[in-house]
Amino acid sequence: MGRTLENKKEIVADLKSTLSESSMALVINYRGLTVAEMTNLRRKLRDKGAVCKVTKNTFMGKAIEGDDNWSALSPLLKDSTAFIMVKEDVGGAVKAFQEFQKASKKSEILGGVMEGKLLGDADIKVIADLPSKEQLIAQIAGSVSSIIANVAVAVNEIPSGVARAVAAVADKEAA
């Protein structure tokens, strides 16, 4: 039995909802992947704040219709495609897919869209080279920590500097 019109509308609405929460979408060719491999990919992506959906290109076409942020996906809607929609860690999600791809040697990124712009292979590789969310947080925490340490040292120097000045004045008056 085929899908009902109501069911199709639900699928398109779900895709629109997921896209509205996403900062980037990647289109991959999933031909040749087993169900177990797709499940593994989804698990890896979920850890990075991304979801992988396999849906008809016509449904995705309806979901991006009239949306300037995602309409650049249109030329990628062909063949056997799955869609990775990244909500949080963009660099981490791309790295997770690349690790999966290296292990399975079956899928490929056809392209992607971020902030309304179509991304090619070179753009996606640059994104993959970005530090992960956890690495950025650690770098920021390290920077803030060093600033606080420097301020603490400076504040501690004030009383000892004043004490040395008072002692020097007292020594002069005593002499």
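Glu21 comes out as partly exposed, with a relative accessibility of 45%. (Buried means under 20% relative accessible area, exposed means over 50%, and partly exposed is in between, using a 1.4 Å probe and protein chains only.) Its partner is Lys87: the two side chains meet in a salt bridge, 3.1 Å from N to O. This is a predicted model, so local features need pLDDT of at least 70 and side-chain atom pairs count only at pLDDT 80 or more, while totals for chains, interfaces and linings use all residues. Residues are numbered from 1 along each chain as its sequence is written, and side-chain values use heavy atoms, leaving out hydrogens and water.

**Salt bridges**

- Side chains of opposite charge can pair when their charged atoms come close.
- Here a salt bridge is a side-chain nitrogen of Lys or Arg within 4 Å of a carboxyl oxygen of Asp or Glu, and the structure holds three of them.
- Back to Glu21 and Lys87: they meet in a salt bridge, and this pair links distant parts of the chain, 66 residues apart. Glu21 sits in the loop between α1 and β1, and Lys87 in the loop between β3 and α4.
- Lys87 is partly exposed too, at 34% relative accessibility.
- Glu37 and Lys106 form another salt bridge, with their closest N and O atoms 3.2 Å apart. Glu37 is in helix α2 (residues 35-46) and Lys106 is in the loop between α4 and β4, so this pair ties together parts that are 69 residues apart in sequence.
- Lys106 counts as partly exposed, at 38% relative accessibility.
- Asp14 and Lys53 also pair up in a salt bridge, at 2.8 Å from N to O. They join distant parts of the chain, 39 residues apart: Asp14 is in helix α1 (residues 5-20) and Lys53 in strand β2 (residues 50-54).

**The aromatic pair**

- Rings of Phe, Tyr and Trp (its six-membered ring) pair if their centres lie within 6.5 Å; planes under 30 degrees apart are stacked, over 60 edge-to-face, and the rest tilted.
- That rule gives one aromatic pair. The ring centres of Phe97 and Phe100 are 6.4 Å apart and their planes are at 40 degrees, so the pair is tilted.
- Both residues belong to helix α4 (residues 90-104), three residues apart, or about one turn of the helix.
- Phe97 and Phe100 are both buried.

Note on methods:
Helices (H or I, at least four residues) and strands (E, at least two) are DSSP runs, numbered from the N terminus.
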